[in-house]
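Thanks for coming. Please have a look at it first.

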Amino acid sequence: MQPRDPQHLLKSVFGYDRFRGFQREVIDHVAGGGDALVLMPTGGGKSICYQLPALLRPGVGVVISPLIALMQDQVAALSELGVRAAFLNSTLDARAAARVEQQLRAGALDLVYIAPERLLGERTLRLLTECHEAGRLALFAIDEAHCVSQWGHDFRPEYGQLALLRERFAAVPRVALTATADAPTRREIVERLLVDARVFVASFDRPNIRYRIVEKREPREQLLRFIRDEHPDETGIVYCLARNTVDEVAAFLGDNGIHALPYHAGMDGASRATNQARFLRADEANGGAVVMVATIAFGMGIDKPDVRFVAHLDMPKSIEGYFQETGRAGRDGAAAEAWMTYGLADVVQQRRLIELSEADANYKRLSTAKLDAMLGLAEAGDCRRVRLLAYFGEASSACGNCDNCLEPPQLWDATDAARKLLSCIYRCQQASGFSFAATHIIDVLRGKMNEKVEKYGHDRLSTWGIGNDLPEAEWRLVLRQLVALHIVEVDHDTFNVLRLTEASRAVLKGERRIELRRHEGKSARKGPGKGRARERKRGAETVLANGDEALFERLRTWRASVAKAHGVPAYVVFHDSTLRTVAQLRPQNEAELAAVPGVGEKKLANYGAAIVAVVQGRGQAP
Ligand code: ADP
Ligand code: ZN
């Protein structure tokens, strides 16, 4: 094998035995001078698609990324691998920046990360031209390439100007990468930034993420229980729609002994940056796990690999959003969970946001369609993953790692119940000349007296008490489903009263069947107990025997002290999955250790002896 052979570099530098998916194809294509667009979900392994060609080609690979906050850790991780990397952005003072420029001129770097606005400055462009003329520009990698799309919510004007790369540096290959791009965005990226690009699209499945959507009852308590029972001392993200909810939930978790930090656009820049930095570095070497409670302002580029859960207290407005946000869990490939509480209020609130928005009718229609797809996922009684992937045009079969696969909900034919509910809305309206809200309608259905029933004589209606076979909670589910399907409308401007819609007729006439999941409270206790949760959670990971688990913990302790000493996050030293394999295989010398995935030559040289010592119980502080 040649030292410049991709397979050899994968092992010697990154410590991996095999390429994932089409990594090898991208690498060969780009190393051969071609342009490429790479679509892979978060955690899929995009970085190697530009890092390796940069090592294969002469000169430096220029990585353009809007995520300044991450550059330092990315560079630290590469340095740990023995790759010569640096970054150029506004966080560097003039002297540090001059040093990086000097390294670039001297051809002393394999990779340089640059913020787009920095790259577009005349000074940097001149420097790159110099490198180019000396034959020392390996490639351009344009990360988060969807930022070029004017229609996307991450639009960055500087990204459009990156078109000049193909004009000024025509011979230098470009690889654009993103985890989020629908068909129009893909076209935009290719048209605006690349030349004759090959497009590589990976499966969007994230098999290690378990999807769970639960009924919203007391969301905060549910969240607290979820974290305490299933993810104690683990790092996660909690998404809320509103800024004040973020503050309240963060305080609530804090009061309950969980290390939670808020993040939203209403906070000043400095506290936001501090909280983000604390989150990104949260690990056993840096004060333990952190739960970030945030609006979606906390988003792009959160590439902390060991986020163990993403919780949604409010439903996102589209499946794209849901997929992107939940995708921040489990980038290291170990088991992770996407958990969401969902209730009628979510449906009503999101519909309302669309109505109130100032967008044109076309955009509103589009938003409504996106929301409906999301509602379909939330209401689904079958495999969540199948639905999720189908949305992105990918066929799959039941996954065995979502709530509906693990504990199939009981489904029942709610067509009759739906008709009763619709008739009741209709009768009350007809009798009194105006509409009523959910609580009243359900009271009438269940034959339950209240002030309004008395006042308007609704106990004399034909629908009085026809629904007393179902508990109130079950009726709310029927209603929620009907609202989700546009069969009932909630008028938020008039006390949330319920109205029939065009679509009601088909149900009333018995032409449309409604299927529902049983209310969770009725079956056995939901939310697995502690022991069971732990056991289930381990499902996707290698289960360690007792002795191995103890060794794993010792290795983590060793890693924490190394990370602390070097001032880097623990995962930069070694990933959990690598330490777990070490604990199982118990390598007795460095040659055996080299076979463990994730141990490249540089790490072997730096840490090999120390790890073997820990394995042999001779571990001492580094
Ligand atoms: P992305 O940028 O697509 O979100 P990364 O490039 O950060 O993902 O890769 C995610 C994780 O997968 C990283 O921990 C990376 O080291 C690991 N990884 C990437 N390629 C491979 C491979 N061929 N074999 C094993 N692990 C890999
Ligand atoms: Zn499933």
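**A buried arginine and its partner**

Arginine 559 has a relative accessibility of 3%, so it counts as buried; buried means under 20% relative accessible area, exposed over 50%, and partly exposed in between, with a 1.4 Å probe and protein chains only. This is a predicted model, in which local features need pLDDT of at least 70 and side-chain atom pairs count only at pLDDT 80 or more, while totals for chains, interfaces and linings use all residues. Residues are numbered from 1 along each chain as its sequence is written, chains are lettered from A and ligands numbered from 1 in the order in which they are written, and side-chain values use heavy atoms, with hydrogens and water left out.

Arginine 559 sits in helix H25, residues 546–566. Helices (H or I, at least four residues) and strands (E, at least two) are DSSP runs, numbered from the N terminus.

What does the side chain of arginine 559 make a polar contact with? The side chain of aspartate 576, at 2.8 Å. A polar contact is a pair of N or O atoms within 3.5 Å; within protein, one must be able to donate a hydrogen and the other to accept it, and residues adjacent in sequence count only if both atoms are side-chain atoms.

Aspartate 576 belongs to helix H27, residues 576–585. Its relative accessibility is 17%, so aspartate 576 is buried too. If neighbours within four places in sequence are set aside, aspartate 576 is in contact with Phe552, Arg556 and Arg559, where contact means heavy atoms within 4.5 Å.

Next, the loop between H27 and helix H28 (590–594), where arginine 586 lies. Arginine 586 is not a glycine, yet has a positive phi of about 45 degrees. Most residues other than glycine have a negative phi. Histidine 486, also not a glycine, has a positive phi of about 65 degrees. Histidine 486 is in the loop between helix H22 (472–484) and strand E15 (488–491). Buried or partly exposed, which is histidine 486? Partly exposed, with a relative accessible area of 30%.

Another helix to look at is H3, residues 47–56, where nine of the ten residues are buried. Among them are Cys49, Tyr50 and Pro53.

Finally, the whole chain. The protein chain has 29 helices and 17 strands. Of its 622 residues, 53% count as buried. Its C-alpha atoms fill a box of roughly 90 × 60 × 45 Å along the principal axes.
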